[in-house]
Amino acid sequence: MARANLSTEAVVDLAVGLVDEDGSAGLTLAKVAAAAGVSSPSLYKHVANLAELRTLVSARVAGELADAVKTAGVGRAGEDAIGACMHAWRDYARARPHRYAALIQRPEPHTGKAAQPLLESVFAVLRGLDLAEDDLVHATRCLRAAVHGFAILEADGGFGLPESIDDSFALMVDMVVASVRSRT
């Protein structure tokens, strides 16, 4: 018997909860259906397949990350805003490592709009530095690559040397800020 209040949003909520517990590799429609108290075919009223569900989970994560980055930049400007946004990005990835890993890094053309709020959040911070439009794109790519790469390496235990990981992150932020500053 289908749960009366099951919706696409409720299915995504359940999927995100399962990702938080077990990681995205273990996400299946059968597990979501069990968590919803319905049979797997009942989910097809709300999502077409597992691939669509993964895309919806990724969209949720992208939206949450965009909100964190945008909130971190509020009331700040320039270099301070860049650093705050990078810290917010890392903090999100550290607090929700499985959820962050579910973020699709190379979305299909028809699903790329889900990442648009995150892109716009970073653009908004960098626009405060009066960068040319092409430099804005380059700086956004560099910021994303730096903080994402750091967050993934950190989550996977990729920093084994005894020096402070926080100090390394602070240095990376300074390097990104200096690089962006050199373009203005």
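This passage walks through a predicted model of the protein, from its overall build to single residues.

Because the model is predicted, local features need pLDDT of at least 70 and side-chain atom pairs count only at pLDDT 80 or more, while totals for chains, interfaces and linings use all residues. Residues are numbered from 1 along each chain as its sequence is written, and side-chain values use heavy atoms, with hydrogens and water left out.

Read along the sequence, the pattern is simply α-α-α-α-α-α-α-α-α. The C-alpha trace spans about 60 × 40 × 25 Å along its principal axes. Of the 184 residues, 39% count as buried, with buried meaning under 20% relative accessible area, exposed over 50%, and partly exposed in between (1.4 Å probe, protein chains only). As for contacts (heavy atoms within 4.5 Å), residues 24 or more positions apart supply 67% of those with a separation of 6 or more. The accessible surface comes to about 9900 Å², and 56% of that belongs to carbon and sulfur atoms; these areas come from the Shrake-Rupley method with a 1.4 Å probe, and for residues only the protein chains shown count as cover. The protein carries 18 positive and 23 negative charges, whose mean positions are 6 Å apart. Here Lys and Arg count as positive and Asp and Glu as negative, leaving out His and the chain ends, and each charge is placed at NZ of Lys, CZ of Arg, CG of Asp or CD of Glu.

In the model, residues 5-65 are 70% helix and 0% strand, and the end C-alpha atoms sit 27 Å apart. UniProt also places a "DNA-binding region" (unreviewed entry) at residues 28-47. That stretch is 60% helix and 0% strand, with 12 Å between its end C-alpha atoms.

Next comes helix H5, residues 78-95. Its 18 residues reach 26 Å from first C-alpha to last, close to the 26 Å expected at 1.5 Å a residue, the expected span being 1.5 Å times one less than the number of residues. The buried residues of H5 include Gly-78, Ala-81, Cys-85, Met-86, Trp-89, Arg-90 and Tyr-92. Among the elements covering the buried residues of H5 are helix H4 (50-73), helix H7 (116-127), helix H8 (133-155) and helix H9 (165-182).

Both ends of H5 run into loops with an arginine. Arg-76 lies in the loop between H4 and H5 and is partly exposed, at 41% relative accessible area. Beyond its neighbours within four places in sequence, Arg-76 is in contact with Ala-81 and Ala-84. Its C-alpha is 32 Å from that of Asp-13, 63 residues away in sequence. Arg-96 sits in the loop between H5 and H6 and is partly exposed too, with a relative accessible area of 33%. The C-alpha atoms of Arg-96 and Leu-56 are 17 Å apart, with the two residues 40 apart along the chain.

H8 has 23 residues and reaches 33 Å end to end by C-alpha, close to the 33 Å expected. Leu-136, Leu-143, Val-147 and Phe-150 are among the residues buried in H8, and what covers the buried residues of this helix includes H5, H6, H7 and H9. Glu-154, also in H8, counts as buried because its relative accessibility is 17%. Not counting residues up to four places away, Glu-154 touches Arg-90, Arg-94, Phe-159 and Ile-165.

In the loop between H7 and H8, Asp-130 has a positive phi of about 55° although it is not a glycine; Asp-130 is exposed, at 70% relative accessible area. Just after H8, Gly-157 takes a positive phi of about 75°.

Finally, Phe-169 belongs to H9 and counts as buried, at 0% relative accessibility. Leaving aside neighbours within four places, Phe-169 is in contact with Met-86, His-87, Arg-90, Val-147 and Phe-150.

Terms used:
Helices (H or I, at least four residues) and strands (E, at least two) are DSSP runs, numbered from the N terminus. UniProt positions are given in the numbering used here, feature names are shortened, and annotations may be inferred rather than shown by experiment.
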